[in-house]
Amino acid sequence: MSQAAEILTELQRRGVIVAVEGDTLCLKPKRALDNALLARIREAKPAILETLRGGLAACSLTHCAGCYDVGDGRKIHPPKCGGHYRTWLERWKPIGKLQ
C-alpha cells in the first residue's frame with residue numbers, strides 16, 4: 001500500500017473529512033490530528049493530492065454514490081453518498097474564476 005493510501009486510510013479511521021481546494025488539503029476536524037500524523041501528511045501531500053484528484057470509482061456497495069480509489073482495490077467513501085449526489089457530481093462543472 002502506498003504512503004498516501006495509508007494516510008488516507010488512517011484519516012478515514014479517525015473520522016477526518018478530506019477535501020482538496022486547489023493545492024490545499026482541508027482536514028476536519030483538526031482535533032483528530034496529532035503532530036506525527038500532520039508531519040506524515042505534509043511529507044506525502046503531493047501523493048495524497050494526486051490520489052484524491054484521481055477521481056471517483058464505483059465500488060461494490062449498493063448505496064455508494066462514488067468513492068475514491070486509493071489503490072490496492074481499496075476505496076474511501078466521500079462524506080455524501082447516494083444516487084442524487086452521484087448525479088449531481090457527474091453534472092457539476094466549475095463556473096467562473098477560481099478564488
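I began with glutamate 6, which I found in helix α1, the run of residues 3–13. The model I am reading is predicted, and I keep that in mind for each value below. I looked up the exposure of glutamate 6 and noted a relative accessibility of 37%, so the residue counts as partly exposed, since that class lies between 20% and 50%.

Isoleucine 48 took me to helix α2, where it is listed among the buried residues together with Leu37, Ile41, Ala44, Leu49, Thr51 and Leu52. I set beside this the general point that an α-helix has 3.6 residues a turn, so residues three or four places apart point the same way.

Next I checked the length of α2, residues 35–53. At 1.5 Å a residue its 19 residues should span 27 Å, and I read 25 Å between the end C-alpha atoms, which agrees. I also looked for a bend along the helix, and noted a kink of about 70 degrees at alanine 44, shortly before proline 46.

At the N-terminal end of α2 I found a cap: aspartate 34 places a side-chain oxygen 3.3 Å from the backbone nitrogen of alanine 36.

Which backbone oxygen lies 2.9 Å from a polar side-chain atom of threonine 51? I traced it to alanine 47. Threonine 51 has its place in helix α2, and with a relative accessible area of 17% it is buried, because the cut-off for that class is under 20%.

I then stepped back to the whole protein, for which I counted 3 helices and 5 strands, following the pattern α-β-β-α-β-β-β-α along the sequence. Of its 99 residues, 29% count as buried, and the accessible surface comes to about 7000 Å², with 53% of it belonging to carbon and sulfur atoms. Among contacts with a separation of 6 or more, I noted that 36% join residues 24 or more positions apart.

Last, I looked up the confidence: the pLDDT averages 76 over the protein, and 60% of the residues score at least 70. Among the elements, α2 has the highest mean pLDDT, 90, whereas strand β3, residues 56–57, has the lowest, 51. Where pLDDT is low, the predicted coordinates should not be read in detail.

Definitions and conventions: Residues are numbered from 1 along each chain as its sequence is written. This is a predicted model: local features need pLDDT of at least 70, side-chain atom pairs count only at pLDDT 80 or more; totals for chains, interfaces and linings use all residues. Side-chain values use heavy atoms; hydrogens and water are left out. Helices (H or I, at least four residues) and strands (E, at least two) are DSSP runs, numbered from the N terminus. The expected span of a helix is 1.5 Å times one less than its number of residues. The bend at a residue is the angle between axes fitted to the seven residues ending there and the seven starting there. Buried means under 20% relative accessible area, exposed over 50%, partly exposed in between (1.4 Å probe, protein chains only). A polar contact is a pair of N or O atoms within 3.5 Å; within protein, one must be able to donate a hydrogen and the other to accept it, and residues adjacent in sequence count only if both atoms are side-chain atoms. pLDDT is the predictor's confidence in each residue, from 0 to 100. Contact means heavy atoms within 4.5 Å. Accessible areas come from the Shrake-Rupley method with a 1.4 Å probe; for residues, only the protein chains shown count as cover.
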